[in-house]
Amino acid sequence: MTSQTNRPDLSREVADFSRDFEQRIADVTAEFDMARWQVATVGSVEASAEWQRLAVAVRRLWNQSADFEKVRDWYEQRSGISDPVVRRELEVLYARFLNMRQDPANTEEIARLEAQVESVYNNYRGSYQGRKLSDNELNNILQNSRATAEVREAYLAGKEIGAQVAETVLKLAEIRNASARSVGYRDFYEKSLAAQELDETELFAIMEQLEKATDEPFRAAKSVIDVRQVARFGLASAAELRPWHYENSFFQKPPAPENDPMQDLFRDGKEIEELTVKTYEGLGLDIQDVLARSDLYEREGKSQHAFCTTIDRRTDNVRVLCNLQPSARWVETNLHEFGHAAYNKYLDSELPYFLRTAAHISTTEAIAMLMGRLAFNKQWLGEVKGLNEDQLASRLEALNEAQRFQLLVFMRWGLVMVYFERDMYANPSRSDLNRLWWDYVERFQLLTRPDNRHAPDWAAKIHLATVPAYYQNYLLGELTASQLQAYIEREVEGHSLVQNKSAGDYLRKLFSLGSRYNWSDTVAELTGEPLNAKYFVEQAAAH
């Protein structure tokens, strides 16, 4: 047996493979990314067919057994790679191969089902009083109506899609599970966490910690919210409240109070664009080119959601999709998505292709969340939005509450998704998924399930179908955002994220690293300590 010290250095061999594989994968991946953009922005049958074709082509390249086995063998010998950049590139390659690994016989079926379900979500419009309404229109009813019958109908209209896609989502789950088991994993969920360099036991220990740490402050916040909603709808007591009374189809955000500090602050989508540009310019980050390539306003056939994408990581062809309306929700969302965009744009162009991406899903979500939070920030509203001291003073207490309630409400909602998705992949054929969903909603969000409802409401959440095993990264992103925010306020010159180029330089340091290091090492390097929940809990529970 060759000793560890005499083992040949694999650096050159691995680097040569990486460059060769880049040549094989980069062009078709860029074409696939553009096809997905076309599906989201155009929604045509032709665009969907092209996306499906390219999805098959990409998956086949990642599923060449000889390549996977070679990368896996090198990964098991990675201590024999002297070049740290090449070693990290191998770790990222292995994770990507693992994530994409599936039975070749199912490749076309997976691509077909994913394209099919994406098309349904993009084109779905709920039925309300005999009309087909967009998500924005249904949300406007939920936010503005004071009649229980109206919000109930709007809420249920948004859930109709669940019955249309549930069977496909579960079929995809079964196929994904089979592929995961073929490479030695319990199910797709476990394999996905491994591919994201997350340990399941450690992850759920964090989730349990978050549940306990946020329980008391969330109950207190929920009590305040319930008193307001009882008064708003003229109910006899909180016992009459149901999920449609909370202004949001999943209670991801808290309902606005009557003295909403963000009410009527924003004129139109163009103002939101201008505020977004000014926000990033204040950090020394130019997003004008991204804005020019983006698609920000709703129309028939276009995806009703929001996301950021890079069409080709060899370039800075970054773009954002939104559906802007003049509301605080869309200000926050636009700031959020351009946080992803700034991260992608300012990656170090000298990094190897497979390291030219965020350190982790959770780190890019952290930047997006950090930027989205500015919509409720007093300094941002003054220096960027332009409110005067009197306007700010009259809103200060409500702004602080809104920010804190937002952190708590989203965290508790995220716990629903994380726990439900793990259970769904553990047994997609279980007959009680609809009940299980509401069990978690009641446990984490303290909502009362609708009476005598037995529909797959869980399937109305697009992430379960199109970005599976992803949601834990939002929660880890919230923790990372809070830790980065605390560090900036404590250690970075200017001590603020608003109109502060020193803070922008700090963020660019994170961006430039790409995935050069493991995500946990990256967080420790940028903040001086490993990721922990204390900063989030302090911010969410502060009075």
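I began with Phe 251, which counts as buried because its relative accessibility is 1%; buried means under 20% relative accessible area, exposed over 50% and partly exposed in between, with a 1.4 Å probe and protein chains only. The model is predicted, so I note that local features need pLDDT of at least 70 and side-chain atom pairs pLDDT 80 or more, while totals for chains, interfaces and linings use all residues. Residues are numbered from 1 along each chain as its sequence is written, and side-chain values use heavy atoms, without hydrogens and water.

**Loop between H9 and H10.** I placed Phe 251 in the loop that joins helix H9 (200-233) to helix H10 (269-281); helices (H or I, at least four residues) are DSSP runs numbered from the N terminus. Its phi is near 55 degrees, a positive value in a residue other than glycine. I then looked up Asp 264, in the loop between H9 and H10. Phi of Asp 264 is near 55 degrees, again positive in a residue other than glycine. Asp 264 counts as exposed because its relative accessibility is 69%.

**Trp 380.** I found Trp 380 in helix H14. Trp 380 counts as buried because its relative accessibility is 0%. I listed its contacts (heavy atoms within 4.5 Å): leaving out residues up to four places away in sequence, Trp 380 touches Phe 266, Leu 275, Thr 279, Val 331, Leu 335, Leu 374, Ala 375, Lys 385 and Val 498. For Thr 279, 101 residues from Trp 380 along the chain, I noted a C-alpha separation of 8.1 Å.

**H9 against H18.** I read the packing angle of H9 and H18 as about 65 degrees, with the axes 12 Å apart; axes are lines fitted to C-alpha atoms over the stretch in contact, and angles run from 0 to 180 degrees between N-to-C directions. From H9, Leu 203, Ile 206, Met 207 and Leu 210 meet Gln 472, Leu 475, Leu 476 and Leu 479 of H18. I sorted this contact by class into seven nonpolar, one polar and no charged residues.

**Second largest pocket.** I noted a space of about 530 Å³ for the second largest pocket, a volume being the space filled by probe spheres set on grid points joined across faces, edges and corners. A pocket is an open set of points on a 1 Å grid over the protein atoms alone, where a 1.4 Å probe fits, with protein on both sides within 12 Å along at least five of seven lines; lining residues have an atom within 4 Å of a point. I listed 22 lining residues, with Asn 377, Asn 400, Gln 403, Gln 485 and Glu 489 nearest the centre. H15 gives the largest share of this lining, six residues.

Terms used. Helices (H or I, at least four residues) and strands (E, at least two) are DSSP runs, numbered from the N terminus. Ala, Val, Leu, Ile, Met, Phe, Trp, Tyr, Cys and Pro count as nonpolar, Asp, Glu, Lys and Arg as charged, and the others, Gly among them, as polar.
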